[in-house]
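Open the model in your viewer and keep the selection tool at hand. We will go from stop to stop, and each stop says what to select and what is there.

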Amino acid sequence: MEGFTYLDIFATKGVEYLLVISVLLLFIPFWRMVSRPARAIYQATESIVPAISEWFHLPEEKLYYHQGHGWAMPESGNVVRVGMDDFAQKLVGKIDAIQFPQVGSRVTQGEKGWSLLAGSKSIDMLSPVDGEIIEINKSLLSSPESIGKDPYGQSWLMKVQAPKISANLKNLLSGGLARQWMEGVRESLLARMNYNLGAVSQDGGVLVDGIARNLDRERWDEIAREYFLIS
Amino acid sequence: MGMDRRTFLKGLGTGIAVAGPGSSLLPGRLEAKEVVASKEFMGVLVDTTRCIGCRSCELACAEAHALPVPDISDASALDKIRQTSVTQWTLVNRYQTEKGEVFAKKQCMHCNQPGCVAACLVKAMQKREDGAVTWDTNCMGCRYCMISCPFDIPKFEYDSAFPKIQKCSLCWERLQKGEKPTCVEACPAEALAFDSRRELIEEANRRIYKESGKYISHIYGEREVGGTGYLYISAVPFEQIGFRTDLGTTAYPELSKGFLYSVPIVLLLWPAFLIGVNTITKRKDEVQRREGGKK
Amino acid sequence: MNTVIAEEEKRELKDIVAFIRSELKPKGKLLTPFNLISAPIILLGVLLILYRLARGMGAVTNLSQEFPWGIWIGFDVMVGVAFAGGAYVLTFVVYILRSDKYHSIIRATVLNGLLAYVFYAGAIFLDLGRWWNITNPLWGNKFGVNSVLFLIAWHFLLYMLAEFVEFSPAIAEWLGLRKLRKILGSLTVGAVIVGIALSTLHQAGLGALFMMAKGKVHPLWYTEFIPVLFFVSSIFAGLSMVIFEGTISHRVFSDKISHEDHAAYDDMLIGLSQGCAVAMFVYFFAQFLILIHGWHWALLNTPMGYWYLTEMVGLVAIPCFMFFQGARYRNMLLIRTAAILAMIGIIVNRLNISIIAFKWWVPFSERYFPSWMEIVITLAIILTEIWVFRWIVNRMPVFGKPPAWAEETHQ
């Protein structure tokens, strides 16, 4: 009967304290492991980051960048050579063809300059300068596989006669400003890629497919447009 | 609101008073001392050694409360152990024990601190000043009293569109007129005695001491679930005559006390804590970003 | 900008009424498989509810004097409310901790929580034998302040209001009421704080209901810590529901979700599963501690003990490990499976306490099993909730971005 025999209501306290201490000790590795990805995933990230970083490398030459990932290089007089940066090609992946406006037609800074055709999708890019197109890179038309091979050299896109060249160049980024901008792009892309590291595998699949397609297989073109400031 | 401040406060007062009387002997309830009610609880002592199983109490109860009248001449009703029901507030069961046949009456125990009263969210179930536990029609029919009763006494009319909770009321309407419960009056064998709970416990102890060996030395209901209005003495251990002996001596409302006491504390501390965290996390750049973009 | 607002204010009430009436019409196909299955069930459910009101509880339920609470309480209310716990956990993370990561799912979660309370807690109405007295605890003449159920009744009501306030900006955006949207938006953080405090208490309170069922609930489940266990388990119950519901919503309503959110979604799932893993880890060892505290290990080698171990190991420890691995290896399938297992674990736990381990000594033949009518009514309630959820999601900015003007008026 209660009250007639000795009942130790704290009989299990000692065991409980020991249990709590061991659970807390167990909780430390549990917490550390659950709050960071497993080693295999982690290494995949580590290996891919330097590879990705190359795409954001900007050449030291006197190039002016538009935030829609086109560049402009002043040549003689008012003639400007125009192209797209390495990132643009890596983002879209394999480009089947480029649709240029007619030679002699006009382009406007910040408005549609040319379109990339990839698979069934067409993605516009913005012109970095105002002016009249005087030449397009015909070698890209005859051999589309060379698109993006040498983005700042052989794979230039077109030459533009730009009357307001000095005003146009003031709207573009170069040197330290350009590198800062590209660093921002890199960070935003890496943050996104973290979500889908499984898809961004260690092999070169990314480079062929394009980053955008790895982020979202269905609507990758929307992502590309977002980076090209189209949408 | 159809209720003024005074009745509300009074209502709160009785709520606490219910918790008071039975626990005044328990240590550590100093805070309840001031709300002990003035009137003593009444109760019924059931001497199972005297009960002859005539079921007169069943008959009297049914007649007094307009319930279907049982045929007490039909002895076959005693063949199986019955539970009280919506049409039968009290009944007598026959048990085979180590000392032969024993009859035990069953009905609401009228706990000092009833679980059903603490459970009721509209105060339809009430502990009256004289000890009766009664039901009223402002009940919502949630049946939480049935969950909370250690003796499974409140019964619900499932088959009615306008159901009631049915249970023994200790003939509360008779008590108010100064009469005894009808079952006590009907008992021909003096197995039932009606008096104040204090007197009944003394009487029970007197019988246990006087006729040494006849009774086991235990008054069921003296301390069970904090004490009950109905008290039982028996010649055989109570397990053998259908009583639960594992219910403990804690009054049932005490079981949810810990939680209920924590409610005001949590309601005070938690929002203050949350506002604190909310303020700390309000960094300047966050605010600027919010202004710029997402809400 | 100002002229736009001024013009909008000129819009007459008539226009809004006309707009609502046009919105009330169904959008999209009516004869989908889901509609064809759910509509008859809902219709039957309504008929059964009328029958129950006319003939009493006994006509449709298998409830008895031994088992006064069935699945309408044990499943609809206890499980429904636990699953709705995601709303208070996520509002805590988004509005108190200000983690923007989960912002895109906060509206869907709050809406889900609100509807869960309206419908599942609303199921209490059916379970009340004397339902016409339902307002008694609110403005009746008698307040049973000493009842845990009194507390829960008030908390449900207040919490529904808080969740409504949290969701109301979406309604204002839908109706194009800019001024109102601004006012409602400013109330959000207050509603969140009140909502979290209320949730903490009534999630625990649902467990505290069974404190006075001592001696009726099997000792392996009955403990004075039930309220704490209910609170902790509501955290991962709610988060698991968010994972589960989100998985379905992202298929069904994929056109409403911007690609950005699709991409961010997996990362959100990983965050949620980390939360689940930690909450379940703590919950599992709390249960273990309570087992030792109660000296109950001898009971483990009984049929009820095996059932207890099934719940604790199979439906707590294993899904906990799956969440853990899923978060580490970014395995979405594993996370989703874990969420379903954890949800089954919650259903089993709540039903154990309210029905299965309740009066465990009663023989099988006399035990409570829900009647087909109780199940149909429960299904009808769930399906109606899904219909309402779908109706709202198809009209108000829940998954998608709010209109541009609302983005400018930040909170």
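Two strands pair if DSSP finds at least two bridges between them. Helices (H or I, at least four residues) and strands (E, at least two) are DSSP runs, numbered from the N terminus. This is a predicted model, in which local features need pLDDT of at least 70, side-chain atom pairs count only at pLDDT 80 or more, and totals for chains, interfaces and linings use all residues. Residues are numbered from 1 along each chain as its sequence is written, while chains are lettered from A and ligands numbered from 1 in the order in which they are written.

**Stop 1: the sheet in chain A**

Select chain A and find an open sheet of six strands. Its order is 1-2-3-9-8-5, with antiparallel pairing. Which strands stand at the edges? They are strand 1 (64-65) and strand 5 (106-107) of chain A. Each has a single partner strand, so one side of each is left without a neighbour in the sheet.

Start at strand 5 of chain A. It pairs with strand 8 of chain A in the antiparallel sense, over two bridges. Pick V107(A): its bridge partner in strand 8 of chain A is G131(A).

Move on to strand 8 (residues 131-136) of chain A. Four bridges pair it with strand 9 of chain A, again in the antiparallel sense. Select E132(A) and you will find Q161(A) of strand 9 opposite.

Strand 9 of chain A is also joined to strand 3 (residues 79-84) of chain A by four bridges, and these two run antiparallel. Here V82(A) stands opposite M158(A) of strand 9.

Now show the side chains of strand 9 (residues 158-161) of chain A. In a regular strand the side chains alternate between the two faces of the sheet. M158(A) and V160(A) point to one face and are buried. A residue is buried if 20 or more other C-beta atoms lie within 10 Å of its own, exposed if 12 or fewer, and partly exposed in between; C-beta atoms are placed from the backbone.

**Stop 2: chain B and its side towards chain C**

Select chain B. Its secondary structure comes to nine helices and nine strands. Of its 295 residues, 40% are buried.

Zoom to K123(B), in the loop between helix 3 (115-119) and strand 4 (125-127) of chain B. K123(B) is not a glycine, yet its phi is positive, about 55 degrees. Is K123(B) buried or exposed? It counts as buried, because it has 25 C-beta neighbours inside 10 Å.

58 residues of chain B are in contact with 59 residues of chain C. Two residues are in contact if their C-beta atoms, placed from the backbone, lie within 7 Å. On the chain B side, the largest share comes from helix 8 of chain B, with twelve residues. By class, this side has 33 nonpolar, 14 polar and eleven charged residues. Ala, Val, Leu, Ile, Met, Phe, Trp, Tyr, Cys and Pro count as nonpolar, Asp, Glu, Lys and Arg as charged, and the others, Gly among them, as polar.

**Stop 3: helices of chain C**

Select helix 7 and helix 12 of chain C. Their axes come within 11 Å and cross at roughly 110 degrees. Axes are lines fitted to C-alpha atoms, for helices over the stretch in contact, and angles run from 0 to 180 degrees between N-to-C directions. That makes helix 7 of chain C roughly perpendicular to helix 12 of chain C (65 to 115 degrees). I105(C), A108(C), T109(C) and N112(C) of helix 7 meet V242(C), E245(C), G246(C) and S249(C) of helix 12. These divide into three nonpolar, four polar and one charged.

Stay on G246(C), in helix 12 (residues 226-252) of chain C. It counts as buried, because it has 24 C-beta neighbours inside 10 Å. G246(C) and R390(C) are 144 residues apart in sequence and 13 Å apart in space, C-alpha to C-alpha.

Finish at R98(C), in the loop between helix 6 (86-96) and helix 7 (103-121) of chain C. Phi of R98(C) is positive, near 55 degrees, in a residue other than glycine. With 17 C-beta neighbours inside 10 Å, R98(C) counts as partly exposed.

Note on methods. Parallel < 35°, antiparallel > 145°, perpendicular 65-115°, else oblique.
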